[in-house]
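Here is a short briefing to read alongside the model. Keep the sequence and the 3D view open as you go through the points.

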Amino acid sequence: MLETETGRSRRVEFELLRILAMAGVVMNHVINYGLDIYGDFRVDTSSPAGAIAWSLLEILKLMALPSVNFFILITGYFMIDRTELRLKGIWKVWSTTWFYAVGIYLLCVFLGIVSFDGRELLRHATPLLSNSYWFVTSYLALLLLAPFISWALQHTSKRQYQVALAVGGVICFQPLLGWLLMDKLQILLFIYLFMIGGYIRMYADRALSMRQAVLAFVVTFAVMFAYTLYKNERTGCSLFVVHAMSYYGLVLPLSVAIFYIAKAWRIENGKIRKVILFLAPLSFAVYIIQTQSIVHNWLWSESADLLSRSNECVLPLLCIAITVGVFVVCVLVDYVRVSLYRLIKKAVNSAL
């Protein structure tokens, strides 16, 4: 059954966007840590094959960048008319995070992979205090603030809302003050994305048609790709870097364009809808499992070893394969967790 928010069920298209967001997070990590694009990774583009390989890797990286933004836009879109604290959602995020943070550590201790250390156990048991998962920390803060933000925005006029978005754009958008303020203040970006999602719901639900949203996406993405190409070309060297961009730069309007595409899309195939509805509730665990520090270190060390020994022409395919593999394994792990929880809950209820 679809998760109900604001008195009605979410559309399956938004559930698909949530799934793609978590898959994009994995792709981001594959490219960041597997390829080590912030280190010495380079692609020799002197040959057509090398140029194609770099282009595909850059496209994958740019496509993965809006992932976090999707999640927050969806939250703002569905929570803008709610002024009560969403305790169920907060508990789900926190309990899933705590279970895997502590559970994976204790399992690794039991298997002899790591030695028991009380300080490490405390770090895993307090993921918010240790900020082990920056996204979870900022997202939970947003959920706590959301009722107050929603109440304030519901009591403003459309014009006042637009002014608030304009001021937020000056603060958050990279070409303006974003480059100066946003690196350590992700919560500000989350609030701004929440406001954008809410504004779309309240005033701009049909501001962009599918055709207009696709055009906005193509133009923005082309500018982003051209910029990365320019940055490489101006070095005068054929060894190209896979460039990233900040979430609050051109990735921001790209995220909004894709959000409108998802909103305008209609998935009618029943089997596809069932698959999406099966995967969506399990997708959040994908982020938690693969970013747990022990899993993170092992996973990206092994991936880096595999990718470093591979021909650059197959790197895009390998990045996709690793992303799909990690996503599927994490979903299956969480499916087992949820299934066991339901069996235990059912047994307890029967006993009572």
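The protein chain carries 30 positive and 20 negative side chains, and the centres of the two sets are 11 Å apart. Lys and Arg count as positive here and Asp and Glu as negative, while His and the chain ends are not counted. Each charge is placed at NZ of Lys, CZ of Arg, CG of Asp or CD of Glu.

This is a predicted model, in which local features need pLDDT of at least 70 and side-chain atom pairs count only at pLDDT 80 or more, whereas totals for chains, interfaces and linings use all residues. Residues are numbered from 1 along each chain as its sequence is written, and side-chain values use heavy atoms, with hydrogens and water left out.

**Confidence**
- The mean pLDDT of the protein chain is 90, and 94% of its residues reach 70 or more; pLDDT is the predictor's confidence in each residue, from 0 to 100.
- Where pLDDT is low, predicted coordinates should not be read in detail.

**Overall fold**
- The protein chain has 15 helices and four strands, taken as DSSP runs (H or I, at least four residues, for helices; E, at least two, for strands) and numbered from the N terminus.
- Its radius of gyration is 21 Å, close to the 20 Å that the globule rule gives for 352 residues, so the chain is as compact as a globular protein of that length. The radius is taken over C-alpha atoms, and the rule is 2.2 Å times the number of residues to the power 0.38.
- Of the contacts with a separation of 6 or more, 82% join residues 24 or more positions apart, where contact means heavy atoms within 4.5 Å.

- Buried residues make up 46% of the 352 residues; buried means under 20% relative accessible area, exposed over 50% and partly exposed in between (1.4 Å probe, protein chains only).
- Asparagine 232 lies in helix α10 (residues 210-233) and counts as buried at 2% relative accessibility.
- Beyond its neighbours within four places in sequence, asparagine 232 contacts Trp54, Cys237, Leu239, Phe240, Val241 and His243.
- Aspartate 36 sits in the loop between α1 (12-34) and β3 (43-44) and is partly exposed, with a relative accessible area of 35%.
- Phi of aspartate 36 is near 55 degrees, a positive value in a residue other than glycine.
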